[in-house]
Amino acid sequence: MMDTIMDNWPLVGVAALATLLYPLYQIFLHPLSRYPGPLLAKLTDYWRFRDVRSRRSHLTRVALHERHGPVVRVGPNMLSIADPAYIPKIYGPGQGFLKSPFYQPFEGWVGEKIGYNLFTTRDPAYHAALKQPVAAAYGFKSALEFEPIVDQCIETMVRRIDELIVQAKVKKACDLAGWMQYYAFDVMAIMTYGKAFGFLERGEDVNHMIARLDARLDVISPESQMPWLDWLQRKNWVVNIFRDRTNPFATIAASLIRDRQAALIATSSSGDTEQKAPSPRLFIDHFLDAQETHPAVVDSRTVVIYTTTNIMAGSDTVAIALRTLFYMVLRHAGVRARLLAELDAAAPGLTFPVSWEQSQRLPYLDAVVQESLRIHPPVGLPLERVVPAAGLAMRDGSRVPAGVQVGCHAWPIHLLDPVWGPEPKQFRPERWLRAAGESAEAHAERVAAMKRAMLAFGAGSRMCMGRHLAAVQIAKLVPSLLMKFRFELVEPLRDWDLVCGWFVRQANMDVFVDKR
Ligand code: HEM
């Protein structure tokens, strides 16, 4: 052994020197060495991998920013940013900050190739090409056209909660966290494919679809911190030979798409020439149109990818926002009383289900929705981007060089920034309303500043495309449920359980339900 070392002493010497110099360089000489952060994070991305694997990283990052300030080094080449002033600089139009390799593990195999979708693609040209033919389907006008589908799901939800829980012979707790997800998944499934997955009707996670999606997110979220792990485990050519080629979600999606195509053919052959598809036009109708009008970008595989993206991006997120809202309202007696008083006063003018238009006449409801998205943003990791050639100009006049990964993090911004006024960690919908003695102008300015700091839906060109749809689903369901039922937490003093993958999912917020 000793002889081998002696024989190769130049090599051993270089290795020993590098081992010694690497940490010294990272800590003292690296362009990011001026930024504070955990010592291990300065040396290796393993720190953030371990942090995300702990499933509590939304909280560790808040604590980290509380301790170190708005810019923290969380990896050798990664800055986490908790200052809303950087949102337009990083995500604003024309700034040139592209999505980082963080998004790689979210890309899965679809058939023989990796499927890049609206959310995961890092190539701006491909993103624009994918988005352009379907953008209208995600617009506000389209969200309103989907109202009958939301109504249908609200009616099913109320009927099934009544049958399965309220009228149960033995008093039964209701898994409210689960029901919110059943609603969000079924709404998204009908809007996308024209057919519910059946969660609401059955009152359960059919075929463990939700559990399987969550389990997948729990694996890929830590890997997003060290994306080469994803390559090593799933994306290299050796693994490709032996990998399991069945993709249950793509298979279900393809079969639902075939059903829809058959329905469209049946409609057109029945002589209904007025409409190409049964009303309302579903996402799948827009996607199939895009396949016809933009064949160079959209093939049948892309149609499948569009549809599965909707389910992945638009179900957990809406469910999480709804859970936060109900949990917070039930834990804050004053908020609950004020919300119910607003609803009761408006009741003569409300239909069941409450329409979008009616919901917009409930300002306290709107404040509760905003505050829920603020106090618990559904996405629990920074939205990573790569600094372009021009660098990132910092507040102190310095410049972060090209190639560094940066990301604004909604949790520390939403819970620490002074823009929210007093006690930002408290759930207080009143912060969105006009305060006593505040002029209308000052209130409008204050709310505009808070909205600029909101990162729940992301920002800029990669901002959430489903935000209008989410707003309609939430604003209609909450008053409709509160009109029909009285909810009480089974364990009002026990905190819910949170798991942070990419999404910060909640569990154990069971309620007793009675008719109102
Ligand atoms: C409360 C509900 C929702 C929240 C909080 C939310 C949050 C987000 C966030 C933070 C992003 C940006 C991610 C990034 O920069 O990496 C995003 C992107 C996206 N969301 Fe949502 N989302 C919600 C609902 C929905 C719904 C209902 C849909 C589908 C209909 C949807 C579809 C998308 C898509 C397609 C993208 C990618 C946009 C792009 O890169 O161009 N989302 N969402």
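These legends describe close-up views of one predicted model. Local features need pLDDT of at least 70 and side-chain atom pairs count only at pLDDT 80 or more, while totals for chains, interfaces and linings use all residues. Residues are numbered from 1 along each chain as its sequence is written, and side-chain values use heavy atoms, with hydrogens and water left out.

**View 1. Helix α23, residues 440-453.** Helices (H or I, at least four residues) and strands (E, at least two) are DSSP runs, numbered from the N terminus. The expected span of a helix is 1.5 Å times one less than its number of residues. For the 14 residues of α23 that gives 20 Å, and the end C-alpha atoms are 20 Å apart, which agrees. His 443, Val 447, Met 450 and Ala 453 are buried in α23. Seen down the axis, the buried residues fall within an arc of 115 degrees, so they line one face of the helix. The arc is that of the directions from the helix axis to the C-beta atoms. Glu 441, Glu 445 and Arg 452 are exposed on the other side. Buried means under 20% relative accessible area, exposed over 50%, partly exposed in between (1.4 Å probe, protein chains only). The cover over the buried residues of α23 includes α6 (86-91) and α22 (410-416); contact means heavy atoms within 4.5 Å.

**View 2. The largest nonpolar core.** A nonpolar core is a set of buried Ala, Val, Leu, Ile, Met, Phe, Trp, Tyr and Cys residues joined through side-chain atoms within 4.5 Å. Apart from it lies another core, of 34 residues, including Leu 32 and Ile 320.

**View 3. The ligand shell.** Polar side-chain atoms of Tyr 103 and His 127 each lie 2.6 Å from an oxygen atom of the ligand. For Arg 385, the distance from a polar side-chain atom to a ligand oxygen atom is 2.9 Å. At least two shell residues come from each of α17 (300-314), α18 (316-331), β6 (383-386) and α24 (467-484).

**View 4. Cys 500 in strand β11, residues 497-500.** Cys 500 counts as buried because its relative accessibility is 1%. Pro 378 is 122 residues away in sequence but 9.3 Å away in space, C-alpha to C-alpha. Leaving out residues up to four places away in sequence, Cys 500 touches Val 52, Arg 55, Arg 56, Ser 57, His 58 and Gly 380.

Definitions and conventions. A residue is near a molecule or strand if one of its heavy atoms lies within 4 Å of it. A polar contact is a pair of N or O atoms within 3.5 Å; within protein, one must be able to donate a hydrogen and the other to accept it, and residues adjacent in sequence count only if both atoms are side-chain atoms.
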